[in-house]
Amino acid sequence: MVWSSIHWLLDNILFFDYNQKSSVLLIFFFNAMVFSFLLLIKGGREKSMSSKWLALFIFLGGLYILPFMLGYAGWYSIKEYREFLFFMPMQQLFLIGPVLYFYCKSLLNENFVLRKKDWLHFLPAMTYLLYSLIVFITDMWVLDSFYFYADGRDKDLDFWYQFAGLLSMLYYLVLSLKHYRYYRKFTVQEVSFADDIAYKWIKHFMVAFGAILLLRVLFFILNPEWGGFGSKYWYYLCFSVLSFYIAITGYSHTVKSNFNFNFREVDLHLSDAAIDTAFSADKKQWVQKIDSLFQNDAIYKDPNLTLNDVAGRLRTNRNIVSGVINQEFQMNFNDFVNKRRVEAIMKKLGQQEHKKSTLLGIALDCGFNSKATFNRAFKKHTGLTPKQFIRTKNL
């Protein structure tokens, strides 16, 4: 019903030449608009800025394919439609990268808000919008004839803009990957449930976006005359498919984490000298204190245990606890706690607890949040899956 209504609108109000290329791109464009709208509604309902940033990213992806979709539909051959395409800056190449970056930052930190200096990231996009406005005013109002568009070519498709846009998107992709890498290093040092807040979807998302940019580079090499339509349909088709994947999986992964802390940049690589200076007692005493806390108080059973919690129990600061665990136990905090949980589970298995309860029930009782995290940690620290361990030990 919806599709037939759109078909009627395009047939009776707007000129649209349906053919294999324009029709396929129309389907992907329509889906991009739908998902961006759904994400915007979801972001408002759940007060999630990450959903709103993703909605904008998908919307910009839809606008990205729009000139070529309309071009294949014959719009450049009709004066009124051609002028609309000329003067409307649809491909916001300088905006896509910053939106990607701030989507990643807002997803990894629910408390993230734009600071004054963050607006500098949008300066190139605003400059291009100003340039587009000057072109429109000059050609349509001041001269009342084509000056900037005397060559009859859409400025959005100029090589300089397309190439500069590619460099911008590559830069922000690298920036986003760097931020995600730091986040992962931060969480494994700070919390005992790092895998549960790993947001592995971001890696898949950025791989998909990286594939888009790789294809872009490839098509630049194969078809350097980017201003014409040429064989670029295949690139836009690939872009549409990958954008569709991002839209679907991104919508399904907009789940808010119940973990809410202030993601701040701290020194994750304290030197031995810095740790030695911070220690107010012998290292062995700190090892004994931490061992006692985990063995006697079974603090690992808290599924939301953080480094600050342990430091608070020991009446010291997080740097000392982190330094002891990193240097003396040769592990990050997340692995250290999970190892203690695995050891507790192994003890319960040795006591035949798995015959009275499920493996998942035992894992949850020992502090794990999910079956997947439990299986992954157990295999990492024993080299066996839980079932293999039971079978090997004849338990």
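## Basis of the description

A residue is called buried when its relative accessible area is under 20%, exposed when that area is over 50%, and partly exposed in between, using a 1.4 Å probe and protein chains only. By this definition, R318 and E190 are both buried.

The model is predicted, so that local features need pLDDT of at least 70 and side-chain atom pairs count only at pLDDT 80 or more, while totals for chains, interfaces and linings use all residues. Residues are numbered from 1 along each chain as its sequence is written, and side-chain values use heavy atoms, with hydrogens and water left out.

## Overall architecture

The protein chain has 17 helices and zero strands. Helices (H or I, at least four residues) and strands (E, at least two) are DSSP runs, numbered from the N terminus. Of the 395 residues in the chain, 49% are buried.

A contact means heavy atoms within 4.5 Å. Among contacts in the chain with a separation of 6 or more, 72% are between residues 24 or more positions apart. The buried residues of helix α4 (residues 79-87) are Y81, E83, L85, F86 and F87; their cover includes α3 (49-72) and α6 (123-142).

## Packing of α8 and α9

Two packed helices are described by the angle between their axes and the distance between the axes. The axes are lines fitted to C-alpha atoms, for helices over the stretch in contact, and angles run from 0 to 180 degrees between N-to-C directions. Helix α8 packs against helix α9 (residues 233-252) at an angle of about 170°, with the axes 10 Å apart. The two helices are therefore roughly antiparallel, a description used for angles over 145 degrees, whereas those under 35 count as roughly parallel, those from 65 to 115 as roughly perpendicular and the rest as oblique. Residues making the contact include W201, F205 and F209 of α8 and W234, Y235 and F239 of α9.

## Salt bridges

Side chains of opposite charge can pair when their charged atoms come close. A salt bridge is a side-chain nitrogen of Lys or Arg within 4 Å of a carboxyl oxygen of Asp or Glu, and the structure holds eight of them. One joins R318 and E190, with an N to O distance of 2.2 Å. This pair links distant parts of the chain, as R318 is in helix α13 and E190 in helix α7, 128 residues apart.

In another salt bridge, the closest N and O atoms of R376 and D195 are 3.4 Å apart. Here R376 belongs to helix α16 (residues 371-382) and D195 to the loop between α7 and α8, 181 residues apart. R376 is partly exposed, because its relative accessible area is 36%.

## Nonpolar surface patch

F159, F163, L167, L170, V217, L218, I221 and L222 form a nonpolar surface patch of about 730 Å². Patches are made of residues with over 30% relative accessible area and no salt bridge, where like charges are joined within 9 Å and nonpolar side chains (Val, Leu, Ile, Met, Phe, Trp, Tyr) within 5 Å. Accessible areas come from the Shrake-Rupley method with a 1.4 Å probe, and for residues only the protein chains shown count as cover. Helices α7 (159-190) and α8 (200-222) each supply at least two residues of the patch. L222, in helix α8, is exposed because its relative accessible area is 61%.

## Positive phi values

Most residues other than glycine have a negative phi. R315, in the loop between α12 (307-313) and α13 (318-328), has a positive phi near 55°.
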